[in-house]
Amino acid sequence: MNLNLDFQIREKDFVTLYGPSGSGKTTTLRILSGLTQPDTGFIKVNNEIWLDTEKKINLSVQKRKLGYVFQDYALFPNMSIKENLTFALEKGQKKNIIDELLETMELVQLKHLKPEKLSGGQKQRVAIARALVRQPKLLLLDEPFSSLDIEMRLKLQDFILRAHRLYRLTTILVSHDISEVYKVSNKMFVIENGTITKQGDPPSIFSSSLTSRKFQFVGEIVKIENENIVYIVSVLIGNNIAKIIATDQEIQGLQVGSKVLVASKAFNPILRKIE
Amino acid sequence: MNVLQGEISEIKTEGSLSLVKVMVQNCVISSLVIDTPQSSDYLKTGHQINVVFKETEVILAKQLEGLISVQNKLNCIVEHIERGEVLSKISMDFHGLRIVSIITRNAADQLRIVEKENITALIKSTEVSLAPYD
């Protein structure tokens, strides 16, 4: 398969690369980071050329100012959490960023533990903190939450969003979780068979099949109850559970864990100010 | 979800709101949407479109007379009734298309709905969505 991409990302965007496995999403991150060499290519970040195969420019992995978080945490097992972060410091870099990151990612209590003592979600928080030690402007996330359960995933999405805003990052996430894409990113590229087939903001890409709906959300089914005549479907939308009445025909093919679009007309919701 | 195929026959716009009339089996179904022909490609007279509304938004009436503000009044024939303790599900034939209504069991009993009889399905324009063909 040929990977052939041409795209631009604005500063402070949170972008998702979305698409089936094997479509070239991870390879794209690897090329951006310098871990994989493309046959030909050009990468420019903030007026700095990282790659220009024509002019034989190719910045090394170390010189590209970015953070990279993988699906498996890739932490050093023999070092404590704090040591894992300290190890990532550049020569001469001030150490106060370590304490700040421990605080931001709520790792202060855990800083003296070895990675093996941590849960999957805690390990991934460490991996994110470590990726931010050199204060990169670009953060690459390769399906960082896919091995975690839904609750942990939601929590980590919040941490990522917090870091994205706090450190004014430009973030590129690889994900095929629709609700995740909706929640975190403001722009997405759909990559299929090595090319970008769609791009835009997540609502306009996912909701094309229900044109006149102005009141719609993407969520994940957490419970389906049969109530005679109708079903009550509980859907996790963001951090809230919504209950939706559905018919037997509507729930066909749906099960707990299914991603669904929840849509209504905009005319009946009630707005009320909360103090 | 009730889904009926139709064709847009008329669009009236004011500000960001449009009242869209769709011909379904020679009957007009109207839908109020927060879209305009300028903002949305699908809003064009002559366009094929699906009319979508929830079963629980379908009001039923028999021997309906007098004035009523509900714009969509569809003459149907009752095909099947399923009765629960609280709710009832009434499946109807609308010129060869299927429309389903879910109303309370009390309401169904009061209307004394029986199979094969004529019945009017009423749906407010604000509850009708428009969607392109899949």
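# Briefing on a two-chain predicted model

Buried residues make up 33% of the 275 residues in chain A, where a residue is buried if 20 or more other C-beta atoms lie within 10 Å of its own, exposed if 12 or fewer, and partly exposed in between, with C-beta atoms placed from the backbone. Of the 134 residues of chain B, 34% count as buried. This is a predicted model, in which local features need pLDDT of at least 70 and side-chain atom pairs count only at pLDDT 80 or more, while totals for chains, interfaces and linings use all residues. Residues are numbered from 1 along each chain as its sequence is written, and chains are lettered from A and ligands numbered from 1 in the order in which they are written.

**Overall make-up of the chains**

- Chain A contains 7 helices and 13 strands; helices (H or I, at least four residues) and strands (E, at least two) are DSSP runs, numbered from the N terminus.
- Chain B contains 1 helix and 10 strands, and from the N terminus on its elements run β-β-β-β-β-β-β-β-α-β-β.
- Among contacts in chain A between residues at least 6 apart in sequence, 66% join residues at least 24 apart; two residues are in contact if their C-beta atoms, placed from the backbone, lie within 7 Å.
- In chain B, residues 24 or more positions apart account for 59% of the contacts with a separation of 6 or more.

**Where the two chains meet**

- On the chain A side, 15 residues are in contact with 23 residues of chain B.
- That side of chain A has 6 nonpolar, 5 polar and 4 charged residues; Ala, Val, Leu, Ile, Met, Phe, Trp, Tyr, Cys and Pro count as nonpolar, Asp, Glu, Lys and Arg as charged, and the others, Gly among them, as polar.
- B:Lys89 is found in strand 7 (residues 87–94) of chain B and counts as buried, with 20 C-beta neighbours inside 10 Å.
- Leaving aside its neighbours within four places in sequence, B:Lys89 is in contact with A:Ile229, B:Glu82, B:Val100 and B:Ile102.
- B:Lys89 and B:Ser101 lie 12 residues apart in sequence and 5.8 Å apart in space, C-alpha to C-alpha.

**Helix 1 of chain A**

- In helix 1 (residues 25–33) of chain A, the residues A:Lys25, A:Thr28, A:Leu29 and A:Leu32 are buried.
- They cover an arc of only 95 degrees around the axis, which puts them on the same side of helix 1 of chain A; the arc is that of the directions from the helix axis to the C-beta atoms.
- An α-helix has 3.6 residues a turn, so residues three or four places apart point the same way.
- The cover over the buried residues of helix 1 of chain A includes strand 1 (14–18), strand 2 (42–45), strand 6, strand 7 (170–174) and strand 8 (187–192) of chain A.
- A:Gly34, which follows helix 1 of chain A, has a positive phi near 95 degrees.

**Helix 3 of chain A**

- In helix 3 (residues 96–104) of chain A, A:Ile98, A:Leu101 and A:Leu102 are buried.
- They span an arc of only 105 degrees around the axis, which puts them on the same side of helix 3 of chain A.
- The exposed residues A:Asn96 and A:Glu103 sit on the face of helix 3 of chain A turned away from its buried side.
- The buried residues of helix 3 of chain A pack against helix 2 (81–87) and helix 4 of chain A.

**Packing of helices 4 and 5 of chain A**

- Helix 4 (residues 120–131) and helix 5 (residues 150–166) of chain A pack at an angle of about 15 degrees, with their axes 10 Å apart; axes are lines fitted to C-alpha atoms, for helices over the stretch in contact, and angles run from 0 to 180 degrees between N-to-C directions.
- Helix 4 of chain A and helix 5 of chain A are therefore roughly parallel to each other, a label for angles under 35 degrees, whereas those over 145 count as roughly antiparallel, 65 to 115 as roughly perpendicular and the rest as oblique.
- The residues of this contact between helix 4 and helix 5 of chain A divide into 6 nonpolar, 3 polar and 2 charged.

**Positive phi values in chain A**

- Most residues other than glycine have a negative phi.
- A:Gln135 is not a glycine, yet has a positive phi of about 50 degrees; its place is in the loop between helix 4 and strand 6 (138–142) of chain A.
- A:Gln135 is partly exposed, with 13 other C-beta atoms within 10 Å.
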